[in-house]
Amino acid sequence: MAELFAYTDGACSGNPGPGGWGVLLLAREGDSVVKQRELSGGEAATTNNRMELLAAISALESLSRPSQITVVTDSAYVKNGVTGWIHGWKKNGWKTAAKKPVKNVELWQRLDAAQARHKVTWTWVKGHAGHPENERADELARAGMAPYKR
């Protein structure tokens with residue numbers, strides 16, 4: 001049975017500014033890639049954190065059936081948020097520990113719903129460190145941003 005991986009990344013030119021997100025989806029059997037799919041998109045005025053979230057959301061929402069998947073992100077914000085902070089936010093009515101509204105709440109709620117359909121393992125990798133799949137996700141994110149840059 002193939003193992004499923006989603007390598008996700010977000011990019012922004014200025015923060016806020018035009019941004020993009022990218023996803024490299026791979027199905028692997030052992031050391032072989034048996035299927036590959038690339039996704040990307042962007043927005044004219046956004047933040048890097050929003051693009052990182054949209055990459056993860058898009059990866060999970062693109063799966064047509066419940067799956068076991070490893071999502072690999074270079075965003076500590078996404079990884080820490082979805083594996084830790086989100087539990088408290090939900091318990092506190094989507095408020096932070098300081099009783100402030102959670103930033104990007106609609107994207108966090110969408111990510112929460114998207115991951116609920118799947119068995120997700122979240123992994124963090126250092127960005128811009130020569131990790132080939134992460135570098136490809138970064139290229140896709142920059143491509144997603146390109147139409148929105150002046």
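Here are some exercises on this predicted model, each with a worked solution.

Residues are numbered from 1 along each chain as its sequence is written. Because the model is predicted, local features need pLDDT of at least 70 and side-chain atom pairs count only at pLDDT 80 or more, while totals for chains, interfaces and linings use all residues, and side-chain values use heavy atoms, with hydrogens and water left out.

**Exercise 1. The core**

Find which residues of the largest nonpolar core touch the most other members, and which element gives the most to this core.

*Solution.*
- Start with the terms. A nonpolar core is a set of buried Ala, Val, Leu, Ile, Met, Phe, Trp, Tyr and Cys residues joined through side-chain atoms within 4.5 Å. Buried means under 20% relative accessible area, exposed over 50%, and partly exposed in between (1.4 Å probe, protein chains only).
- The largest nonpolar core has 29 residues, and Val23, Leu60, Trp108, Leu111 and Trp122 touch the most other members.
- Two or more residues of this core come from each of β2 (17-29), α1 (48-61), β4 (68-73), α2 (76-91), α3 (105-116) and β5 (119-124). Such helices (H or I, at least four residues) and strands (E, at least two) are DSSP runs, numbered from the N terminus.
- The element that gives the most is α1, with eight residues.
- Another core, of eight residues, lies apart from this one; among its members are Phe5, Tyr7, Val72 and Val125.

**Exercise 2. Aromatic rings**

Work out which residues ring pairs link into a cluster, and why the pair of tryptophan 89 and tryptophan 108 is edge-to-face.

*Solution.*
- Rings of Phe, Tyr and Trp (its six-membered ring) pair if their centres lie within 6.5 Å; planes under 30 degrees apart count as stacked, over 60 as edge-to-face and the rest as tilted.
- By this rule there are five aromatic pairs.
- One of them joins tyrosine 77 and tryptophan 108, edge-to-face at 5.2 Å centre to centre with 70° between the planes. Tyrosine 77 lies in helix α2 and tryptophan 108 in helix α3, so this pair ties together parts 31 residues apart in sequence.
- Tyrosine 77 is buried at 17% relative accessible area, and tryptophan 108 is buried at 0%.
- The rings of tryptophan 89 and tryptophan 108 have centres 5.1 Å apart and planes at 70°, so this pair is edge-to-face. Tryptophan 89 lies in helix α2 and tryptophan 108 in helix α3, so the pair ties together parts 19 residues apart in sequence.
- Tryptophan 89 counts as buried, at 11% relative accessibility.
- Putting the rings together, ring pairs link Tyr77, Trp85, Trp89 and Trp108 into a cluster.

**Exercise 3. Helix α4**

Look at asparagine 134 and glycine 144, both in helix α4. Is asparagine 134 buried or exposed, and what is glycine 144 in contact with, leaving aside its neighbours within four places in sequence?

*Solution.*
- Helix α4 spans residues 132-145 and holds asparagine 134.
- Asparagine 134 has a relative accessible area of 3%, so asparagine 134 is buried.
- Contact means heavy atoms within 4.5 Å. Not counting residues up to four places away in sequence, asparagine 134 touches Tyr7, Thr8, Asp9, Asp74, Val125, Lys126, Gly127 and His128.
- Glycine 144 is buried too, at 6% relative accessible area. Leaving aside neighbours within four places in sequence, its contacts are Gly19, Gly20, Ser40, Gly41 and Gly42.
- Glycine 144 and arginine 50 are 94 residues apart in sequence, with 13 Å between them in space, C-alpha to C-alpha.

**Exercise 4. Backbone details in the loops**

Find where proline 16 lies, and decide whether histidine 128 is buried or exposed.

*Solution.*
- Proline 16 lies in the loop between β1 and β2. The peptide bond from asparagine 15 to proline 16 is cis, with omega near 15°.
- Histidine 128 is in the loop between β5 and α4. Although histidine 128 is not a glycine, it has a positive phi of about 55°.
- At 60% relative accessibility, histidine 128 counts as exposed.
- Tryptophan 94, in the loop between α2 and α3, has a positive phi of about 60° although it is not a glycine. Tryptophan 94 is buried, with a relative accessible area of 17%.
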